[in-house]
Amino acid sequence: EIKKEKLIRRGVVALKDIKKGEEITVQNIITKRVGLGAISPSDFYKILGRKVNKNIKADKKIVKRDIQ
């Protein structure tokens, strides 16, 4: 059984389309309730300035394997 808290967990999400090789900035990511798997909001500032290694569509969660 999956607990309700895990289903409503917040994570980092693409605010707009992010192209492969593009730098992560406060203008292109946001936190939302996305469930499991996304980068934790507590890591929001840690990933700023890093580049993505694949195209990420707007409103899709960002996972650790998506960033360099």
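This is a predicted model: local features need pLDDT of at least 70, side-chain atom pairs count only at pLDDT 80 or more; totals for chains, interfaces and linings use all residues.
Residues are numbered from 1 along each chain as its sequence is written. Local features need pLDDT of at least 70, side-chain atom pairs count only at pLDDT 80 or more, totals for chains, interfaces and linings use all residues, and side-chain values use heavy atoms, with hydrogens and water left out.

**View 1. Lysine 32 and aspartate 59 meet in a salt bridge.** The structure holds 3 salt bridges (a side-chain nitrogen of Lys or Arg within 4 Å of a carboxyl oxygen of Asp or Glu). Here the N to O distance is 2.4 Å. The pair links distant parts of the chain, 27 residues apart. Lysine 32 lies in strand β2 (residues 29-33), and aspartate 59 in the segment after α2 (44-47). Helices (H or I, at least four residues) and strands (E, at least two) are DSSP runs, numbered from the N terminus. Lysine 32 is partly exposed at 34% relative accessibility. Aspartate 59 is also partly exposed, at 48%. Partly exposed falls between buried (under 20% relative accessible area) and exposed (over 50%), with a 1.4 Å probe and protein chains only.

**View 2. Aspartate 43 pairs with lysine 46 in a salt bridge.** Their closest N and O atoms are 3.3 Å apart. Aspartate 43 is buried, at 17% relative accessible area. Lysine 46 is exposed, at 60%.

**View 3. A salt bridge joins aspartate 66 to lysine 54.** The closest N and O atoms stand 3.6 Å apart. Both residues sit in the segment after α2, 12 residues apart, and the pair links distant parts of the chain. Aspartate 66 is buried, at 4% relative accessible area. Lysine 54 is partly exposed, at 41%.
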